[in-house]
Amino acid sequence: MIIQESVFLENPITTEIVRNALTSIADEMNASLARSAFSPIIYEMKDCSVCLFNRDVELLGQSAGLPIFLGNIDECIKTTTKIIGGIDQYKDGDIYILNDSYIGGTHLNDVTIFSPIFYKNELVGFTANRAHWLDIGSKDPGYPMDATSIYQEGIRIPPTKIYDNGRALDDVIRLIVSNNRFQEAAMGDLNAQIAACRTGEKRFKELIARFTIERINRCVHDIFRQSEEMDRSVVRNIPDGIYNAEGYLDNDGVKDEPILVKVKVEVKGDFITIDLTGSSIQRSGQTNCGFAQTVSACRVAFKDLISPNTPVTGGNFKTMKIIAPEGTIFHAVEPAPCGWYFTPLGLLIDLIIKALSPVMKEKAAGAHYGDSMVVTFGGVDDKANEPFLSVEATAGGWGAFESGDGQSALINHVSGDFKNLPIEVFESKYPLRVNQYALRNNSGGSGQYRGGLGVIKEYEVLCENAFVSLWFERSKTPAWGLFGGHAGMGPDVEIISGNKVEHLLKVNGKPIQKGDIVIVKTGGGGGYGDPSQRSSEKIELDIRNEYVNIEQ
């Protein structure tokens with residue numbers, strides 16, 4: 001959409017300079033966090049996100065990161081502001097920390113740090129980030145797969161000040177870090193998050209010194225207006241109506257019962273309402289999340305379909321409303337555990353796209369493999385004579401779309417820019433060996449366009465005593481296809497100990513020993529279109545590359 005120059009409050013060239021400067025600030029914050037962090041899950045896998053906000057806690061800039069974080073960090077700041085008695089209570093040099101699942105929506109391992117930005121004694125914005133801590137003091141190392149209460153999941157931190165007017169509150173910091181099995185890493189990661197905030201503050205002040213806060217605010221007004229207008233123009237072209245979809249998760253890790261996710265999308269004019277009424281009540285297991293996280297997931301689906309090629313700003317999502325009844329898996333209340341909050345959200349995103357696919361055929365895709373497929377190893381490293389803990393998300397196949405095959409070996413929707421942990425790093429840090437890491441042939445759903453392939457990863461245990469925990473999902477509702485495309489293959493995990501072979505998808509702290517083998521297999525994406533319409537050239541290429549075999 002072309003915006004006429006006359007409607008800008010600020011010179012369009014200046015606006016573009018400021019737009020890109022704000023993004024660059026966020027990128028530098030992210031680089032600071034990754035380079036300073038102690039835990040591989042942050043510095044290698046990038047399980048983190050950073051944000052820059054204005055005084056009204058509207059998003060100015062973000063870096064590549066986990067999109068599922070970026071939709072709710074603003075809620076953390078707004079809730080903190082309310083708790084401390086208003087925006088006037090912030091002082092220059094203050095830093096706050098929180099991880100409460102019912103505020104931020106995620107699990108307790110996701111720690112949010114933010115600080116106000118003052119320029120010439122005036123509050124002009126906030127800098128914030130969220131990163132996954134390896135441990136948060138839960139009943140099991142890392143986080144459990146079978147918790148039935150948030151009190152088993154670790155230390156729960158409400159909005160808490162850890163720096164007051166530039167002075168570290170060491171007793172508060174010690175209290176938090178002491179509730180961690182890996183205290184050195186926790187302290188290092190905390191300091192990295194603080195450094196990221198300070199980086200953002202420094203760069204934003206430099207930008208203000210260059211342009212003045214008044215000019216920046218005019219530019220931001222233009223940026224927000226453009227974002228909102230582009231959103232509304234796309235939504236306005238969707239036929240009015242009510243669109244429905246539903247699906248099931250395997251279980252909650254405690255009770256082996258399917259979990260219903262029900263979506264109703266109503267389009268009226270230039271406005272979308274996503275109503276999750278009818279979805280499962282909150283579960284005794286960990287497949288629950290705070291409402292803020294549900295909003296974030298709906299925003300991810302919205303962005304996928306409505307404006308995927310432009311950065312997120314504070315002007316986006318003005319044309320969307322989300323309804324999730326309190327006490328359901330999408331609006332959990334105390335004491336519901338929220339350790340695997342992202343599991344229903346991955347299905348939710350796929351279902352929103354499925355619901356709108358009849359009227360957005362050119363933008364819709366088959367479902368993806370659906371979850372982070374987490375494999376955790378822990379125990380004692382015999383050579384180093386110290387405890388270790390490895391937490392990995394595993395890639396899988398994405399759905400095919402109108403003009404192409406789905407992507408293979410890609411991380412799931414909610415994890416966004418999450419990186420692969422290099423095998424060289426993994427094997428150097430942990431008493432484990434990776435014997436195989438390959439695409440899983442035949443796993444993508446067939447169609448005119450084929451679903452992407454999942455992966456196979458084989459681990460061998462090199463220490464005497466260890467344990468493995470698994471959280472694999474979407475076996476009962478594997479990635480479906482669209483418009484005649486077939487579903488992808490579901491996940492599987494084999495644990496081989498001598499002559500004994502077990503197939504498990506979810507398990508907490510299962511003992512394993514030296515020489516045992518763990519083979520994880522992730523699902524493929526759904527196909528798109530009638531398989532009989534797939535070209536012979538594509539079929540031959542699939543067979544030559546061993547994506548599928550002759551029988552398939």
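Predicted model: local features only at pLDDT ≥ 70, side-chain atom pairs only at ≥ 80, totals over all residues.
Figure 1. Glu-546 lies in the segment that comes after helix H12, which covers residues 536–544. The backbone of Glu-546 has a positive phi of about 65°, although Glu-546 is not a glycine. Most residues other than glycine have a negative phi.

Figure 2. With a relative accessible area of 46%, Glu-540 is partly exposed. From the C-alpha atom of Glu-540 to that of Thr-376 is 38 Å in space. In sequence, Glu-540 and Thr-376 are 164 residues apart.

**Figure 3. Asn-165 in the loop between strands E6 and E7.** Asn-165 is found between strand E6 (160–164) and strand E7 (167–168), in the loop that separates them. The phi of Asn-165 is positive, about 55°, although Asn-165 is not a glycine.

**Figure 4. The cis peptide bond between Glu-334 and Pro-335.** Glu-334 and Pro-335 are joined by a cis peptide bond, with omega at about 10°. Most peptide bonds are trans. Pro-335 is located in the loop between strand E11 (320–323) and helix H10 (342–356).

**Figure 5. The aromatic pair of Tyr-90 and Phe-114.** The whole structure holds 15 aromatic pairs. One of the pairs is formed by Tyr-90 and Phe-114, with ring centres 6.3 Å apart and 75° between the planes. The arrangement is edge-to-face, because planes over 60 degrees apart count as such. The pair links distant parts of the chain, 24 residues apart. Tyr-90 belongs to the loop between helix H4 (73–84) and strand E3 (95–98), and Phe-114 belongs to strand E4 (residues 110–119). Tyr-90 has 4% relative accessibility and so counts as buried. Phe-114 also counts as buried, at 0% relative accessibility. Buried means under 20% relative accessible area.

Figure 6. Tyr-341 and Phe-342 form an edge-to-face pair, because their planes stand at 75° and their ring centres are 5.2 Å apart. Tyr-341 and Phe-342 are both buried.

**Figure 7. Asn-435 in strand E14.** Asn-435 is a residue of strand E14. Its relative accessible area is 36%, so Asn-435 is partly exposed. Leaving aside residues up to four places away in sequence, Asn-435 touches Glu-458, Glu-460 and Ile-517. Between Asn-435 and Ile-306, the C-alpha atoms are separated by 42 Å. Along the chain, Asn-435 and Ile-306 are 129 residues apart.

**Figure 8. Ala-438 in strand E14.** Ala-438 is placed in strand E14, which covers residues 432–439. Ala-438 is partly exposed, and its relative accessible area is 27%. The residues that Ala-438 touches are Gly-454, Val-455 and Ile-456, when residues up to four places away in sequence are not counted. The C-alpha atoms of Ala-438 and Leu-175 are separated by 43 Å. Ala-438 and Leu-175 are 263 residues apart along the chain.

**Figure 9. The whole protein, as a setting for the close-up views.** The secondary structure comes to twelve helices and 20 strands. The radius of gyration is 23 Å, which agrees with the value near 24 Å that a compact globule of 552 residues would have. Taken along the principal axes, the box filled by the C-alpha atoms is roughly 70 × 60 × 40 Å. Of the 552 residues, 59% are buried. Contacts between residues at least 6 apart in sequence join residues at least 24 apart in 73% of cases. The accessible surface comes to about 21,300 Å², and carbon and sulfur atoms account for 49% of this surface. The protein has 54 positive and 71 negative charges, and the mean positions of the two sets are 3 Å apart.

Definitions and conventions
Residues numbered from 1 in each chain as written. Heavy atoms only, no water. Helix = DSSP H or I, 4+ residues; strand = E, 2+ residues; numbered from the N terminus. Rg over C-alpha atoms; globule rule 2.2 N^0.38 Å. Buried < 20%, exposed > 50% of the residue type's maximum accessible area, 1.4 Å probe, protein only. Contact = heavy atoms within 4.5 Å. Areas by Shrake-Rupley, 256 points an atom, 1.4 Å probe, with all protein chains shown as cover. Lys, Arg positive; Asp, Glu negative; His and termini not counted. Charge placed at Lys NZ, Arg CZ, Asp CG, Glu CD. Phe/Tyr/Trp six-rings, centres within 6.5 Å; stacked < 30°, edge-to-face > 60°.
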